[in-house]
Amino acid sequence: MVTSQRFTIPMELFWWFIMIVLFAVGLIGTIAPVLPGTTIILAAAVIHRIMLGPEKSIGWVTIIILVLLTLVSYVFDFVGSYFGSKYFGATKWGAFGAILGALIGLLFGVIGLFAGPVIGAVAGEFIAGKRMIDAGRAGWGSLLGNLGAMIGRLVIALVMISIFLVSVPPPF
């Protein structure tokens, strides 16, 4: 129990509060890719399980499902850039450039995560000898693929939180 001279908070409610805060941070992380959103949501669920025990938290099956959903959300990041650029006619050089740009863009925060794949796809198309209009299409496709991946990550994060809330016994 967390205590002070004025009030007392049961530890179970304290850990629920921490979990809710981490869920909120995780949701923000799915939209602002500076934070690993689904990983934070998974960590919140695991911390809840560790701190409150299996009788007051989720089971192993739920943890495995949350881990698998987290892995799927990371696949979205790279698949979004690749298939987005390919759909708009990118060559293998443009698709490779989009993936490489996404990796390098991670180093530059939110702007880099959106600009990196676009710049990479355009650069890859230039290396392949394509014209500016074709390279621009590949970059546009990469951007749309990244936006689709962001929406996919957000949906997965919401599903993860829903699975947790349905699986865990209520604190009251």
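Modeller: From helix 2, the residues Thr38, Ile41, Leu42, Ala45 and His48 meet Arg153, Ile156, Ala157, Met160, Ile161 and Phe164 of helix 6, where contact means heavy atoms within 4.5 Å. Sorted by class, this contact has 8 nonpolar, 2 polar and 1 charged residues; Ala, Val, Leu, Ile, Met, Phe, Trp, Tyr, Cys and Pro count as nonpolar, Asp, Glu, Lys and Arg as charged, and the others, Gly among them, as polar. The model is a predicted one, in which local features need pLDDT of at least 70 and side-chain atom pairs count only at pLDDT 80 or more, while totals for chains, interfaces and linings use all residues. Residues are numbered from 1 along each chain as its sequence is written, and side-chain values use heavy atoms, with hydrogens and water left out.

Two packed helices are described by the angle between their axes and the distance between the axes. Helix 2 (residues 37–52) packs on helix 6 at an angle of about 10 degrees, and their axes are 9 Å apart. Such axes are lines fitted to C-alpha atoms, for helices over the stretch in contact, and the angles run from 0 to 180 degrees between N-to-C directions. Helix 2 and helix 6 are therefore roughly parallel; angles under 35 degrees count as roughly parallel, over 145 as roughly antiparallel, 65 to 115 as roughly perpendicular and the rest as oblique.

Met160 has 0% relative accessibility and so counts as buried (buried means under 20% relative accessible area, exposed over 50%, partly exposed in between, with a 1.4 Å probe and protein chains only). Apart from its neighbours within four places in sequence, Met160 is in contact with Thr38, Ile41 and Leu42, and also with Leu66, Leu69 and Thr70. Thr62 is 98 residues from Met160 along the chain, yet their C-alpha atoms are separated by 9.4 Å.

Helix 6 (residues 132–167) also packs with helix 1 (residues 11–31), at an angle of about 165 degrees and with the axes 8 Å apart. Helix 1 and helix 6 are therefore roughly antiparallel. Helix 1 passes helix 6 in a left-handed crossing; a crossing is left-handed if the near helix is turned anticlockwise from the far one by less than a right angle, and right-handed if clockwise. On the helix 1 side the contact is made by Trp16, Met19, Phe23, Leu27, Thr30 and Ile31, which meet Met150, Arg153, Leu154, Ala157, Leu158, Ile161, Phe164 and Leu165 of helix 6. Its residues divide into 12 nonpolar, 1 polar and 1 charged. Arg153, Ala157, Ile161 and Phe164 meet residues of both helix 1 and helix 2. Elsewhere in helix 1 lies Ile28, which counts as exposed at 52% relative accessibility.

A further partner is helix 5 (residues 109–127), which packs with helix 6 at an angle of about 150 degrees, the axes being 8 Å apart. Helix 5 is thus roughly antiparallel to helix 6, and their crossing is right-handed. Leu113, Phe114, Pro117, Val118, Ala121, Val122, Glu125 and Phe126 of helix 5 meet Met132, Asp134, Ala135, Ala138, Gly139, Ser142, Leu143, Asn146, Leu147 and Met150 of helix 6. This contact comprises 13 nonpolar, 3 polar and 2 charged residues. Met150 meets helix 5 as well as helix 1. Leu147, for its part, is partly exposed, with a relative accessible area of 33%. In helix 5 itself, Gly116 counts as buried at 13% relative accessibility. Beyond neighbours within four places in sequence, Gly116 is in contact with Gly101, Ala102, Gly105 and Ile111.

From the N terminus the order is β-β-α-α-α-α-α-α. The radius of gyration is 20 Å, well over the 16 Å that the globule rule gives for 172 residues, so the protein is more spread out than a compact globule; the radius is taken over C-alpha atoms, and the rule is 2.2 Å times the number of residues to the power 0.38. The C-alpha atoms fill a box of roughly 70 × 35 × 15 Å along the principal axes. Buried residues make up 39% of the 172 residues.

Key: Helices (H or I, at least four residues) and strands (E, at least two) are DSSP runs, numbered from the N terminus.
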